[in-house]
Amino acid sequence: MASWSAPSPSLVEYFEGQSACHCGYCKSNSGNVSTGLWAHSMTVQDYQDLIDRGWRRSGKYVYKPIMNQTCCPQYTIRCRPLQFQPSKSHKKVLKKMLKFLAKGEISKGSCEDEPMDSTMEDAVAGDFALMNKLDIKCDLKTLSSDLKGSIESEEKKEKSIKKEGSKELIHPQAIEEKLGSGEPSHSIKVHIGPKPGKGADLSKPPCRKAKEMRKERKRLKLMQQNSAGAFEGFQAQGQPVSLLPKAKTNQPKSLEDLIFESLPENSSHKLEFTRFLCNSPLEAEHPPNGPECGYGSFHQQYWLDGKIIAVGVIDILPYCVSSVYLYYDPDYSFLSLGVYSALREIAFTRQLHEKTSQLSYYYMGFYIHSCPKMRYKGQYRPSDLLCPETYVWVPIEQCLPSLDNSKYCRFNQDPQAEDEGRCKDLDRVRVFYRRSAMPFGVFKNQHNDPSEEPAVLEYANLVGQKCSERMLLFRN
């Protein structure tokens, strides 16, 4: 196995102040208030920490709504897949898909689809309209070698100054575009036939004669009356333990049971599912203790009978799978592909958790209570919302009563609680200036411009102390 090298530091360009633009949810012309930065490159750990502080990316633009000012507050929402149980409506969507694949039947009635409705499309269009106005001053390609040399020289200085203590999370490796190679990490088929030796439907009891069924009922009754004695009696008579009757359970089918239910060999349709690395600011990482596919941004493609009908964009991060966008063919909206893809991604998160135990959440982007059409994300339970002031997670059930009364809410009920991740030491914020990486304290002494400090402090409070000490903030 090839040795794994840690990624280069994130390089970002922060846009000072706030921007007001068109809101795709309430249609306000300038009510959508946010702040943002341009990620020339970003590590998966930094992006994980940013979304845990209310940030979200649209391509390379990473933005954070100003929650107490924006017209439609957008609360970061995450689902807990390990405890997730599909609702009645979720099961209906999965059964509808299975029925369509098996028999070609199209269910009549209203479409139950979700994410890519008109409001979401307008919101995405608003993101790109804002990005077109940005003044990007840093050219990553020309800085690649400069950054490498700067980090190496800075590390040498730090080693000479510090013999003990914590090490900076900076490694001498040029920032490169590692995504978009087009090579698939692996392919998974949605249509799964019967497993070897399990051609029959094991969920149904085998056909038996009435006499045999009466005997087994009698045995079951005896076992319930005296389980220990009955068990020993059957063993003494030479009855194999594996043939002892099992008590019926009322356990509901799991999400995986519903998704991977066997289809007949003569199914009308075949659905396949492939995953590819895709281009994004996130650097692909393959640490030995991570998932087999690695961390980074992926396109999940849904192929129906050889035709692509949907593409989901996801980020696989150290602690979660983050859903970015879903694009699908409107001709297949009757399959509720938004719901179906979300359930598939929840199941995929559970699968990744088996190999990487800390990866145990599914982030669904923003929950917008003030927009009824965007409340559907709250139906994936259990889930949590992020407090916009203290950045702690609160179960959604505790948040909804407050949101019914006010569109902006602080979810943390402790009035004394503060943002523990805020900037506490501005001089430790890392900047990239004139081809060199340095702490802001050093930059401040060299630059001697009082106007720099408020902007850097604003940035550091928004991204948090941890990220501000790891990421490189470009200064012109």
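**Exercise 1. Classify Lys-307 and Asp-329, then describe their pairing.**

Step 1. Lys-307 has a relative accessible area of 38%, so Lys-307 is partly exposed. The classes are buried (under 20% relative accessible area), exposed (over 50%) and partly exposed (in between), with a 1.4 Å probe and protein chains only.

Step 2. Asp-329 has a relative accessible area of 18%, so Asp-329 is buried.

Step 3. The two residues form a salt bridge, with the closest N and O atoms 3.5 Å apart. A salt bridge is a side-chain nitrogen of Lys or Arg within 4 Å of a carboxyl oxygen of Asp or Glu.

Step 4. This pair links distant parts of the chain, 22 residues apart: Lys-307 is in strand β9 (residues 307–316), and Asp-329 is in the loop between β10 (320–328) and α8. Helices (H or I, at least four residues) and strands (E, at least two) are DSSP runs, numbered from the N terminus.

The model is predicted: local features need pLDDT of at least 70, side-chain atom pairs count only at pLDDT 80 or more, and totals for chains, interfaces and linings use all residues. Residues are numbered from 1 along each chain as its sequence is written, and side-chain values use heavy atoms, leaving out hydrogens and water.

**Exercise 2. Which partners does Asp-52 have?**

Step 1. Find Asp-52 in the loop between α1 (44–51) and β3 (56–58).

Step 2. Asp-52 is buried yet has none; Arg-78, the nearest side chain of opposite charge, is 5.3 Å away. For charge, Lys and Arg count as positive and Asp and Glu as negative; His and the chain ends are not counted.

Step 3. Look for a polar contact. The side chain of Asp-52 makes one with the side chain of Tyr-363 (2.6 Å). The term covers a pair of N or O atoms within 3.5 Å; within protein, one must be able to donate a hydrogen and the other to accept it, and residues adjacent in sequence count only if both atoms are side-chain atoms.

Step 4. List the contacts (heavy atoms within 4.5 Å). Leaving aside neighbours within four places in sequence, Asp-52 is in contact with Tyr-363, Leu-386, Tyr-391 and Trp-393.

**Exercise 3. Compare the span of α11 with expectation, then locate its buried residues.**

Step 1. The expected span is 1.5 Å times one less than the number of residues.

Step 2. The buried residues of α11 are Glu-452, Ala-455, Val-456, Tyr-459, Ala-460, Leu-462 and Val-463.

Step 3. Seen down the axis of α11, these fall within an arc of 165°, so they line one face of the helix. The arc is that of the directions from the helix axis to the C-beta atoms.

Step 4. Gly-464 follows α11, and its phi is positive, near 95°.
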